[in-house]
Each structure stands twice: as structure tokens, then as C-alpha cells.
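Please view the sequence and the model together while reading.

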Amino acid sequence: MKKFFALLKVSVKSMLLSSTNSQGGSRKRAATGVGAMVLIAFLGLYMSGFYSWMLMDVLAPVHMEVLVFIFMGMGALVGGLLFTTFAVKGVVFGGRDNDLLLSMPVSSTMLMASRVSAIYLENLLFSLFVLGPAGAVCAFMTQSGVGHSALFWVRLVVAVFALPLLDTALSVLFGALVAFLSARVSKGALGQNIVMALYLAAVFYFSFNLNGMIEGLAANAAGVKESLSWAAPMLWMADGIMGEWGKLLLFAACCILPFALVVFGLGRVYRQAVTAFAARSARSDYKLSAQSASGQKKALLDKEAKRFFGTPMYFWNSGLGLIMLVAMGVAALVMQEDLRMYLGLLGDMMPVMPMAALVMLFCLSMSAIAAPSISLEGKYLWILREAPVGEGELLWIKTGFQLLLSVPCTVISGVLLTIALQLSTLEGAALLLATLLFNLGHAAFGMLMGLTFPKLDAVNETVVLEQGMAVMLGMFVPMAAVGGCALLYWAGGKLAPWAALALPLSLLAALTAVCVFVLVKKGPAMLKAL
């Protein structure tokens with residue numbers, strides 16, 4: 001067991017605390033790992049707390065609290081798959097230290113078990129912050145006494161620890177498929193993008209139809225449960241939490257068995273699988289092909305585009321905000337009558353234009369495209385540095401690529417929202433000006449963060465995009481700036497109507513000017529130092 005825990009420690013560090021190239025790396029690694037865990041916990045807590053409350057408000061009066069655990073169990077399962085499937089490709093099958101670990105005097109099954117256990121711990125964290133709040137909401141809102149006994153919490157803990165076993169088994173199987181496709185099929189990224197697009201479409205459909213689904217639950221909760229017979233493990237888990245020990249044990253067995261089969265089954269061929277994937281990847285790295293780009297800048301922009309659209313993790317982590325931005329504008333235009341009626345009920349409590357600006361800026365802050373671009377070059381950054389282009393031009397090509405994507409999406413969304421919300425010409429112009437200023441400042445700030453906190457030795461793109469300090473700061477610092485703009489709008493409104501618009505725009509202009517100035521003056525030297 002001592003060997004197993006040593007390997008597990010290495011696997012967890014590989015997944016969460018990969019090193020950086022910067023000095024003082026220990027503190028940055030710790031902050032990165034804690035930040036990643038906090039982000040996962042926050043997403044689970046938000047999803048569970050919000051939806052559990054809405055569902056329990058409808059289901060508690062009809063004594064169908066069991067449906068809350070069914071839906072939250074599904075959410076934890078699907079969310080865990082989303083978080084870890086692509087991570088499995090890098091952590092389990094594509095770890096840079098696999099060659100070293102496979103040469104040690106330990107069995108491949110033990111190494112496989114340590115890698116898979118690291119994925120299990122991440123799924124366990126998400127499961128805890130999904131099922132735990134659901135249990136608390138159930139105990140608080142129930143009208144049948146569910147959740148008021150100690151045994152209820154014992155059963156809930158069993159479910160919390162068992163569900164990630166099933167989640168991990170599925171993640172490893174899907175991750176092995178992704179690794180196989182990435183090694184064998186040249187268009188593997190296209191298939192992964194299609195899968196993620198279908199998942200996103202399902203999320204949007206669920207969000208837009210949530211109210212109707214909740215009304216249907218209130219009318220026919222028992223029938224809904226019967227219609228979910230295809231998700232038998234989730235039903236066993238929910239019934240077990242509510243008090244049926246036999247079904248809870250059946251659910252636990254349903255989770256433990258696939259996990260054991262994956263560990264021992266794939267463990268027997270782990271060495272061969274890792275070798276085959278690595279060999280295929282190495283062969284593709286040196287494949288020569290014709291370059292159709294004409295001109296240095298166009299070639300570099302094409303290179304950025306191929307990486308962005310050809311790396312599913314990069315595309316969905318950094319481009320989701322832009323997709324949401326355009327989808328929001330289209331949805332507002334399609335449902336403009338209902339939207340205006342809802343805003344009319346709010347009256348003057350929430351001014352329309354500032355609210356639209358806040359939502360747009362929040363979506364843009366999620367689109368950290370420039371921040372990870374330096375780190376994604378990895379150990380091949382020297383090839384880019386050898387290009388007959390100066391450091392300043394390289395930085396602005398990377399920064400400009402984010403603007404090439406974000407500016408058109410911003411204009412489209414801004415125009416659609418202006419029409420749908422019937423904003424005045426002045427309000428529409430202020431909305432576009434604020435969002436375009438934010439675009440420039442966000443791209444420049446993200447590039448500065450990428451130069452300040454590089455991860456050129458990251459194991460894979462997952463570490464850079466989900467646990468990189470540059471990406472986190474490139475998202476959350478601009479979000480804080482958006483909050484500052486909201487406060488200035490409120491304070492300016494107390495003075496005069498013109499001040500409510502002028503103060504936030506002045507702050508955005510000042511922050512953008514500072515970021516651009518620092519990038520121009522310091523950026524080339526920072527890149528040269530790498």
C-alpha cells in the first residue's frame with residue numbers, strides 16, 4: 001500500500017499541481033491546485049443549491065423528494081464526465097512521466113489504479129458538492145421528515161462516495177476512446193467538438209424549458225419517476241438515500257463493479273496502450289504537409305486558429321463565453337416580447353442597458369483565449385521564437401487572434417440586444433463602446449498574465465486551461481473589474497444621468513490603456529526572457 005499511496009500522490013500532483021516555469025513556483029502551484037478545487041466545488045454548489053431549491057419547492061408538498069436526488073445524481077454524473085473525460089486522456093494515458101513510472105518496480109495494474117484514483121478524487125469533490133447541498137435542502141424544506149435522522153446522512157455519505165466510482169469508470173472508458181481517436185484519426189478533434197456541441201445544446205434546451213419541466217413535475221411526479229426506469233442506478237441511489245438499504249447496497253455494487261473491472265481490465269494492458277498512443281502521437285508530430293498561408297502574419301494567425309479550433313479543451317474552455325454571448329443575443333431577439341414583459345414587471349429596479357452590459361461583459365470575461373496561448377506553445381516555443389517576426393509582433397498576433405473572435409461576436413450580440421430591448425441610440429452606442437473597450441483590455445491583460453505565469457512544461461493542455469494561474473487571473477480579475485464598473489454606475493446615478501455612463505466607461509478606458517501600454521513596453525522583454 002505504501003507504493004500505491006506514493007504513486008497516488010504523484011498522480012494527484014500531475015493532475016492538479018503541475019509545475020510552472022516561473023520562480024517561486026511552490027506558492028503558485030499551491031494556489032493553482034486550490035483554485036482548481038475551489039472552482040469545481042463552486043460549480044457543484046451553485047448547480048445543486050439553485051436547482052435543488054427549485055425542485056424541492058415543487059416536490060416537497062407531494063412527498064416526492066426522491067426525484068431531487070435522481071436529478072442531482074444525474075447532474076453529478078454528467079458533470080463529472082464533462083470535467084474528467086478529457087483529463088483522462090492526458091493524466092491516465094498521456095502523462096509525460098508515464099515512461100519513468102512504467103520503468104519502476106511496480107505492476108502496471110497498480111500504476112493504473114493510482115492514476116484512476118486521482119480521477120476518482122476529482123469526481124468525489126464534485127459529487128460531494130452536488131449531493132451534499134441537495135441533502136441539506138431536502139432536510140430543510142421537506143414536509144415528511146426526510147433528512148431529520150442520522151441514518152439519512154449515513155446513507156447520503158455512502159451515495160456520495162459510491163457515485164464517483166461509476167463516474168470514474170465511465171470517464172476512463174470514454175477517455176480511452178478519446179485517446180484512441182486522437183492517436184488514430186486525424187479529425188479526432190472534430191468528433192470531440194461535435195460531442196461537446198450536443199452536450200451544450202442539451203444544456204441550453206434544459207435551461208430554456210426548466211419552468212415548464214418543473215410545472216410538469218408538480219402535476220405528475222410519480223409518472224416522471226416511472227419514466228426514468230432507463231436510469232436504474234440513479235433510482236436505486238435515490239431510493240436508498242430515502243431509506244431503502246437494499247437498493248442502496250445494489251447501487252453501491254453497481255458502482256464498485258465497473259470501477260474494479262476498469263482498473264484490473266485496463267491495468268493488464270496499460271503498458272501496451274500507453275506505448276501505442278505515445279508512438280502514434282510521435283509519428284504524427286513529424287508529418288510534413290504543404291503550407292497554404294501566404295505571408296508571415298497570416299501563417300501565424302492560421303497557426304493560432306488551427307490550435308484553437310483543433311483542440312477541443314481549448315475551444316470549449318475559452319470559446320464557450322463567446323458562444324453564450326451570441327446565443328444570448330439570438331434568444332433575446334426571438335423571445336423579445338416575453339423578455340420585455342418580464343423587464344416591465346421589474347420596472348426601475350434593474351435598468352435594462354446596464355444589465356445587458358453586465359451579462360455581455362461576464363460572457364466576455366470567460367473567453368480567456370490569449371491568456372493560455374503562450375503556455376500552449378510548451379517546449380516548442382523556441383520554434384515560434386525562431387520565426388522572422390519580432391517579439392512585439394508575435395504578441396500582438398496572439399492578442400489580435402482573440403480580438404478577431406471576440407469583436408464580431410460582441411457586435412452581433414450588442415446589435416441584437418439593442419433591437420430586442422428597444423434601447424435608444426445613445427444606450428446602444430454606450431453598450432457597444434463599453435464592450436469593445438473591454439475586449440481590447442481583456443485580450444491585452446490576458447496576454448500579460450500568460451507572460452507572467454507561463455506553464456511551458458505542463459503535462460497537457462488540460463493543466464494549462466483548467467489549472468493555469470494565467471487563465472484563472474485572466475477570467476476572474478476582469479470579472480472584478482466588471483463589478484467595479486457596476487458600482488461606478490450606481491454611484492454615478494446618484495450624481496447625474498450622464499455620470500452613470502461616463503464613470504464606468506472612464507474606468508474601462510483607463511484599465512484598457514494601462515494594459516495596452518504595459519504590453520507594448522514590457523511584453524517583448526517578458527517574451528524574450530522565456
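The sections below go from the whole chain to selected helices and residues.

## Basis of the report

The model is predicted: local features need pLDDT of at least 70, side-chain atom pairs count only at pLDDT 80 or more, and totals for chains, interfaces and linings use all residues. Residues are numbered from 1 along each chain as its sequence is written, and side-chain values use heavy atoms, with hydrogens and water left out.

## The chain as a whole

The chain holds 23 helices and zero strands; helices (H or I, at least four residues) and strands (E, at least two) are DSSP runs numbered from the N terminus. Of its 530 residues, 49% are buried, where buried means under 20% relative accessible area, exposed over 50%, and partly exposed in between (1.4 Å probe, protein chains only).

Among contacts between residues at least 6 apart in sequence, 83% join residues at least 24 apart; a contact means heavy atoms within 4.5 Å. The accessible surface comes to about 25200 Å², and 71% of it belongs to carbon and sulfur atoms. Accessible areas come from the Shrake-Rupley method with a 1.4 Å probe, and for residues only the protein chains shown count as cover.

Eight salt bridges are found in the whole structure, each being a side-chain nitrogen of Lys or Arg within 4 Å of a carboxyl oxygen of Asp or Glu. In one of them, Lys298 pairs with Asp302, with the closest N and O atoms 3.3 Å apart. Because these two residues are four apart in helix H13, about one helical turn separates Lys298 and Asp302. Lys298 is partly exposed at 41% relative accessible area, and Asp302 is partly exposed at 27%.

Glu304 and Lys398 form another salt bridge, their closest N and O atoms being 2.6 Å apart. This pair links distant parts of the chain, with Glu304 in helix H13 and Lys398 in helix H19, 94 residues apart. Both Glu304 and Lys398 are buried. Glu377 and Arg307 also meet in a salt bridge (3.0 Å, N to O), which joins helix H17 (residues 373-377) to helix H13 across 70 residues. Glu377 is buried at 5% relative accessibility, and Arg307 is buried at 17%. A network of salt bridges links Lys303, Glu304, Arg307, Glu377 and Lys398.

## The cavity

How many cavities of 30 Å³ or more does a search of the whole structure find? There is one, and the largest cavity has a volume of about 40 Å³. On a 1 Å grid over the protein atoms alone, a cavity is a set of points where a 1.4 Å probe fits but cannot get out; lining residues have an atom within 4 Å of a point. Grid points are joined across faces, edges and corners, and the volume is the space filled by probe spheres set on the points.

The lining consists of Leu300, Glu304, Leu384, Leu394, Ile397 and Lys398. Helix H19 gives the largest share, three residues.

Leu333, Val411, Val415, Ile419 and Leu436 make a nonpolar surface patch of about 340 Å². Patch residues have over 30% relative accessible area and no salt bridge; like charges are joined within 9 Å, and nonpolar side chains (Val, Leu, Ile, Met, Phe, Trp, Tyr) within 5 Å. Helix H19 (residues 391-420) gives the most to this patch, with three residues.

Asn439 lies in helix H20 (residues 425-452) and is buried at 2% relative accessibility. Gln422 lies in the loop between H19 and H20 and is exposed at 58%. The phi angle of Gln422 is near 55°, a positive value in a residue other than glycine.

Key:
On a 1 Å grid over the protein atoms alone, a cavity is a set of points where a 1.4 Å probe fits but cannot get out, and a pocket is an open set with protein on both sides within 12 Å along at least five of seven lines; lining residues have an atom within 4 Å of a point.
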